[in-house]
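Trainee: I would like to learn how to read the features of a structure. Can you take me through one?

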Amino acid sequence: MSEKTAVEQVLVVPTLLFHEVGHFQGFMPNTEPYMKTLLDPMHTSYRPRDEMEQDTSYKQLIPYCIFMCEGQVFNYRRGTAQGEARLHSKRSVGVGGHISTLDENESEHAYIVGMRREIDEEIDIQAEYTQRLVGLINDDVTEVGKVHLGIVHIFEVNKPQVSPKEASMIETGFTSPAELLEQYDQFETWSQICIDALFRDQSGENSIAGVV
């Protein structure tokens with residue numbers, strides 16, 4: 001295998017296309033126009049991850065999956081074994097990662113296949129669950145955020161039986177939204193954006209319940 005083919009190729013869309021659909025900073029609950037356009041194979045491509053981490057003309061599409069059980073939120077701290085050094089030691093409510101050429105599939109969109117793969121690689125779920133798409137995250141303030149676009153999914157598990165598979169996930173557990181707010185400054189920016197949008201208001205759970 002050559003050095004060129006060994007480089008991970010990740011799913012991206014042009015940043016200009018994202019701006020055409022509608023640029024925003026923070027959280028966007030209206031997902032339909034974005035998902036319809038940004039996941040269209042006409043607009044997506046796979047490019048070298050190492051180059052994309054520095055190229056703000058593209059956005060890497062990242063599923064950001066939040067696991068909840070009876071109102072409590074699964075969260076963890078990112079250890080130093082985690083791949084993105086800029087996020088080391090930060091707490092997170094999101095599970096997920098890059099979509100790559102390995103996720104290409106004839107019967108399903110690579111995004112769905114990649115999301116399932118990332119979840120399976122990172123955590124063990126010993127519970128039944130339902131899933132819904134609740135929003136998108138864009139953060140052009142941080143260096144990490146400038147080259148990524150988060151797609152937020154809520155997974156409701158019927159039992160709090162979610163445990164880490166990766167050594168990079170430490171101090172894991174389910175926590176009440178009130179406790180997340182108390183620890184707010186410890187969380188990575190994307191998690192802070194989700195906490196603000198979904199959990200800061202006492203009516204937060206009701207506000208996301210009807211989102212498909």
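Mentor: Start with one side chain. Glu108 has 33% relative accessibility and counts as partly exposed. The scale runs like this: buried is under 20% relative accessible area, exposed is over 50%, and partly exposed lies in between (1.4 Å probe, protein chains only). A caution on the source: this is a predicted model, where local features need pLDDT of at least 70, side-chain atom pairs count only at pLDDT 80 or more, and totals for chains, interfaces and linings use all residues. Residues are numbered from 1 along each chain as its sequence is written, and side-chain values use heavy atoms, with hydrogens and water left out.

Trainee: Which residue forms a salt bridge with Glu108?

Mentor: The general idea: side chains of opposite charge can pair when their charged atoms come close. The rule here asks for a side-chain nitrogen of Lys or Arg within 4 Å of a carboxyl oxygen of Asp or Glu. For Glu108 the partner is Arg116, with the closest N and O atoms 2.5 Å apart. Arg116 is partly exposed too, at 44% relative accessibility.

Trainee: How many salt bridges does the whole structure have?

Mentor: The search finds 14. One of them joins Glu53 and Arg49, at 3.4 Å from N to O. Glu53 is buried at 9% relative accessibility, while Arg49 is partly exposed at 26%. There is also a network that links Asp103, Arg117, Glu118 and Glu121.

Trainee: What does the salt bridge between Glu171 and Arg77 tie together?

Mentor: Their closest N and O atoms are 3.1 Å apart. Glu171 sits in strand β11 (residues 169–175) and Arg77 in strand β5 (residues 72–78), so the pair ties together parts 94 residues apart in sequence. Arg77 is buried, at 18% relative accessible area. Helices (H or I, at least four residues) and strands (E, at least two) are DSSP runs, numbered from the N terminus. The chain has nine helices and 11 strands.

Trainee: Now a helix. Which residues of α2 are buried?

Mentor: In α2 (residues 15–22), the buried ones are Thr15, Leu17, Phe18 and Gly22. Seen down the axis, they fall within an arc of 160 degrees, so they line one face of the helix. That arc is taken from the directions from the helix axis to the C-beta atoms. Leu16 and Glu20 are exposed, on the face turned away from the buried side.

Trainee: What do the buried residues of α2 pack against?

Mentor: They pack against β1 (9–14), α3 (32–38), β4 (58–69), β8 (129–138) and β9 (148–157). Contact here means heavy atoms within 4.5 Å.

Trainee: And the core: how many residues does the largest one have?

Mentor: A nonpolar core is a set of buried Ala, Val, Leu, Ile, Met, Phe, Trp, Tyr and Cys residues joined through side-chain atoms within 4.5 Å. The largest has 34 residues, and Phe67, Val95 and Ile119 are among those with the most contacts inside it. Ile119 touches Cys65, Phe67, Val95, Ile125 and Phe155, leaving aside residues up to four places away in sequence. A second, separate core of 20 residues includes Val73, Val93, Ile154 and Leu180.
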